[in-house]
Structures are given as structure tokens and as C-alpha cells.
Amino acid sequence: MDLKKMSGDHKTLIKGSPSQYVKLNVGGTLFYTTIGTLTKSDNMLRTMFSGRMEVLTDSEGWILIDRCGKHFGTILNYLRDGTVALPDSYREVMELLAEAKYFLIEELTDSCQQALSKKEREAEPICRVPLITSQKEEQLLIMSTSKPVVKLLINRHNNKYSYTSTSDDNLLKNIELFDKLSLRFSGRVLFIKDVIGSNEICCWSFFGHGKKCAEVCCTSIVYATDKKHTKVEFPEARIYEETLGILLYESRNGPDQDLIQATSSRGAVGGLSCTSDEEEERSGLARLRSNKQNNQS
């Protein structure tokens, strides 16, 4: 049994004036447009409707195109106007991109790809902080990045003794500062958090070019009359100083040794009270350079 003869479908060449209307059946969705629209730019549809390629038609004269018709209206509008509003949905832009590629419409393909790239950038988190699960994972992260690294080890359960009255509050302050710094220097510094590491309770580590440059331990043992206590401190100024110092390792070649030596001086650092993030960073770096000049003199 010949199903083709039963349906009346046959192949034919379509060629006519730009103002001539044609009927299209795209995956079961019907469209009505002119040959001028279909041949307006260099793409597969121009080839199909300029007499160079046979097209399949049914007994009622509908030209059959074996594609999903969901986005074909958008294709036609783009051909008519040279521009079109893209869908809001990432998935629908992907679907439209597939149709634009199939019909070889390069400009619409480029527009879809640019829109997808923009959506992907918008979907990226502003700040991403890895939570490491092993020493091996930590080393891999530190060695594989070109950025300076700041690590906060925080593990309240490592304590053998009771905490002093201010320790819990200081522990939270360290965590809050870590979160603020990771947002402020996102993109410039890789911040990682360790909640299962060593015997430390709260410790900051600073790395440049894969090597540890500094460490700020925030815990100590204090002696009361009857027993030992664990004290957690919040050396905010020291942490800020080391964070600003680690920015010197953003350069691929690294900082010069004199500037590293200048940053090691603690004498110029006091309580930091800044009006803005930018002013604080500028003043901090200026202080480090000033220390360098003083050391040289």
C-alpha cells in the first residue's frame, strides 16, 4: 500500500514573486507568509523557496516542513524585521537556537548564543566559597588557582576545655568577617572554609602562589584558679592586614621581597574604622607602601 499516494503528498519546486503568499505546515502548526519574507536573507528557507530545492506539499497545497512549529513564528518575525524579542526562558532560547541553526540563520543564532551567555553569567553566584572535605582537596584547590587564597578553619568541637564567656561571640565575629571579606574580594581572592581540619578551633591561613604566607590563630589556653579554659579571640585588624597583604600575590610574578617585608610590620596597624570598602583598601595598601619606604630609609 503506497501511503504517499494515499495522502497526496508530492515534491515540487516553489518559485514566485516576492509578494506571492505560501502556506506552511511546520510540524502541524500552520503559517501563511510571502516568498519575499522567506527569501529575505541567506539561509535554508531562501534555498527552499527560490526554486533551487524541491519541497514536499500535501494535496491541499500546504508546504510540509518537518520541524517543531513552536518557534517558527519567531523565525518569521525575525526574517520580516531583522530583529525579534527573544524568550525569557533559558530553555526556550535554547529551543529557538536549535531552530535558527537548522534554518542556517546566522544572525539569529548569534543573538541566541549571546542571550544564553548573558543568562549563564547572571545565574552564576556572586560569591562561591568551597567547603573542603580533606587535606588533599585543600591542596588541590590551592595549587590549581592563580588567585591568592584565604582559608578559615572553624571547628568549635575541637575544644578540650570549656570556653571563656566571650569565646562564642568572637567565634561568630570571625565567621561574619570571613563572609564579608569573601563578598568584598570575590573574583580576586579564593576563599575556602574548613570545618573538619586539624585540632585548631579558629585559624586563618593566607596563601600566595600555592605557598602559605601567613597564619592568624585565634585561640589560646588561659588558666583560671581551678581549671583551664579555651579563649577564642577576634584579631580583626590583623586579619584585615593579612588579607590586604595577600592581594599583593594577584600578580603572576608576585610582589617584590621588600614589599613583602614591609607588610610584615604590625606597628602601623590599629583598629580599622573605614568609611567604605574602597577607601579601606586604598588606605591599607598606602600604609603598606609607607612601611616599605620607612624600611628602606
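Me: Which residues does Thr164 touch, not counting residues up to four places away in sequence?

Reply: This is a predicted model, and in it Thr164 touches Val222, His229, Thr230, Lys231 and Val232 when residues up to four places away in sequence are not counted. Thr164 itself has its place in the loop between β8 (162–163) and α8 (167–184).

Me: What makes the pairing of the side chains of Thr164 and Ser167 a polar contact?

Reply: The two side chains come to 2.6 Å, and a polar contact asks for a pair of N or O atoms within 3.5 Å, so the pair of Thr164 and Ser167 is counted as one.

Me: Why is the meeting of Asp168 and Arg156 called a salt bridge?

Reply: The distance from N to O between these side chains is 2.8 Å, and the definition asks for a side-chain nitrogen of Lys or Arg within 4 Å of a carboxyl oxygen of Asp or Glu, so the pair of Asp168 and Arg156 qualifies.

Me: How do you know whether Asp168 is buried, partly exposed or exposed?

Reply: Its relative accessibility is 36%, and because buried means under 20% and exposed means over 50%, Asp168 counts as partly exposed. Arg156, at 37%, is also partly exposed.

Me: Why does the pair of Lys231 and Glu233 count as a salt bridge?

Reply: Their side chains meet at 3.8 Å, N to O, and the limit is 4 Å, so this pair counts as well. Lys231 is partly exposed, with a relative accessible area of 30%, and Glu233 is partly exposed at 33%.

Me: How many salt bridges does a search of the whole structure find?

Reply: The search finds 12. Salt bridges also link Lys70, Arg91, Glu92 and Glu95 in a network.

Me: Which members of the largest nonpolar core touch the most other members?

Reply: Of the 29 residues in this core, they are Leu24, Leu45, Phe49 and Phe72. The largest share of the core, 5 residues, comes from α4. Leaving aside its neighbours within four places in sequence, Phe72 is in contact with Leu24, Val26, Phe31, Leu45, Ile65 and Phe103. Apart from this core lies another, of 25 residues, among them Leu181, Val232, Leu247 and Tyr249.

Notes. Residues numbered from 1 in each chain as written. Predicted model: local features only at pLDDT ≥ 70, side-chain atom pairs only at ≥ 80, totals over all residues. Heavy atoms only, no water. Core = buried A, V, L, I, M, F, W, Y, C linked by side-chain atoms within 4.5 Å. Buried < 20%, exposed > 50% of the residue type's maximum accessible area, 1.4 Å probe, protein only. Helix = DSSP H or I, 4+ residues; strand = E, 2+ residues; numbered from the N terminus. Contact = heavy atoms within 4.5 Å. Polar contact = N/O pair within 3.5 Å; in protein donor to acceptor, adjacent residues only side chain to side chain.
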